[in-house]
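Here are my notes on the model you sent over. Have it open while you read, and look up each residue as we get to it.

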Amino acid sequence: MKKFATALIAAGLVVSATACTTSNQLTTAETCERIQSVVSNPANNAGKTGMNRLANQIRPIHAVASDDLKGALESIIEYTDEQAKETPDEDKLAELTEGYEEAGSTYSQFCS
C-alpha cells in the first residue's frame, strides 16, 4: 500500500509539473504588440544599461513568442547581451551584428 501511495503521489507531481510547463505561445500579432511596447521605451536605447534592460524585457517575450519571431528575438538577445558587457568582444559583436540586423528586418516584415 505504501508503494502504491508513493507511486500515486509521484504520478500527481509529474502531471502537475507538466501542467506548469505548458506555455501558451503568442500569435505573431501578440508578439509584435509586446515587442513594440518594449522597443518604444526610450530608456531601452540608452547605453549599456539600456541594452541590458532591453534584453531582460525581451527574454520573457522570447519564451512565448510566435515561431515567426522567435529566432529574431534570440538574435536580439544575443547581440544586446554582448553589447551590454563592460568590454564587449568586438569580433563576436561583429558576428552578431548581421543577425541583429536581420532580426530588425524580420520584425519589420511581420510587425509593420
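The points below go from the whole chain down to single residues.

1. **The overall picture.** First, keep in mind that this is a predicted model. The protein chain has five helices and zero strands. Read from the N terminus on, the elements go α-α-α-α-α. Of the 112 residues in the chain, 27% are buried. Now look at contacts with a separation of 6 or more: 58% of them involve residues 24 or more positions apart.

2. **Two helices side by side.** How do helix H2 and helix H3 cross? H2 covers residues 28–39 and H3 covers residues 47–64; their axes come within 10 Å and cross at roughly 175°. Because angles over 145 degrees count as roughly antiparallel, H2 is roughly antiparallel to H3. On the H2 side, Thr-31, Arg-34, Ile-35, Val-38 and Val-39 make the contact. H3 brings Leu-54, Gln-57, Ile-58, Ile-61 and Val-64. Sort these contact residues by type and you get seven nonpolar, two polar and one charged.

3. Thr-31 is found in helix H2. Is this residue buried or exposed? Its relative accessible area is 0%, so Thr-31 counts as buried. The side chain of Thr-31 reaches the backbone nitrogen of Ser-66 at 3.1 Å. Leaving out neighbours within four places in sequence, Thr-31 is in contact with Leu-26, Ile-61, Ala-65, Ser-66, Leu-69 and Leu-73.

4. With a relative accessible area of 40%, Arg-34 is partly exposed, whereas Thr-31 is buried. Which residues does Arg-34 contact once neighbours within four places in sequence are set aside? They are Leu-26, Ile-61 and Val-64. Take Ile-61: Arg-34 and Ile-61 are 27 residues apart in sequence, yet their C-alpha atoms are 7.0 Å apart in space.

5. **The disulfide.** How many disulfides are there? The count comes to one. As a reminder, a disulfide is a covalent bond between the sulfur atoms of two cysteines. Here the partners are Cys-32 and Cys-111, with their sulfur atoms 1.9 Å apart. The angle about the S-S bond is -75°, and the link is left-handed. Cys-32 sits in helix H2 and Cys-111 in helix H5 (residues 90–111), so the pair ties together parts that are 79 residues apart in sequence. Cys-32 is buried, and its relative accessible area is 9%.

6. Phe-110 lies in helix H5. At 32% relative accessibility, Phe-110 counts as partly exposed. Not counting residues up to four places away in sequence, Phe-110 touches Thr-28, Cys-32, Asp-68 and Leu-69. As for Asp-68, Phe-110 is 42 residues from it in sequence and 7.8 Å from it in space, C-alpha to C-alpha.

7. You'll find Glu-82 in helix H4 (residues 67–83). What does the side chain of Glu-82 reach? The answer is the backbone nitrogen of Asp-89, at 2.7 Å. Leaving aside residues up to four places away in sequence, Glu-82 touches Pro-88, Asp-89, Lys-92, Leu-93 and Leu-96.

8. **Ala-43, between two helices.** Where is Ala-43? Its place is in the loop between H2 and H3. Ala-43 has 33% relative accessibility, which makes this residue partly exposed. Beyond residues up to four places away in sequence, Ala-43 touches Gly-50 and Arg-53. The C-alpha atoms of Ala-43 and Arg-53 are separated by 8.3 Å, and the two residues are 10 apart along the chain.

Conventions. Residues numbered from 1 in each chain as written. Predicted model: local features only at pLDDT ≥ 70, side-chain atom pairs only at ≥ 80, totals over all residues. Heavy atoms only, no water. Axes fitted to C-alpha atoms, helices over the stretch in contact; angles between N-to-C directions. Helix = DSSP H or I, 4+ residues; strand = E, 2+ residues; numbered from the N terminus. Parallel < 35°, antiparallel > 145°, perpendicular 65-115°, else oblique. Contact = heavy atoms within 4.5 Å. Nonpolar A, V, L, I, M, F, W, Y, C, P; charged D, E, K, R; others polar. Disulfide = S-S within 2.5 Å. Buried < 20%, exposed > 50% of the residue type's maximum accessible area, 1.4 Å probe, protein only. Polar contact = N/O pair within 3.5 Å; in protein donor to acceptor, adjacent residues only side chain to side chain.
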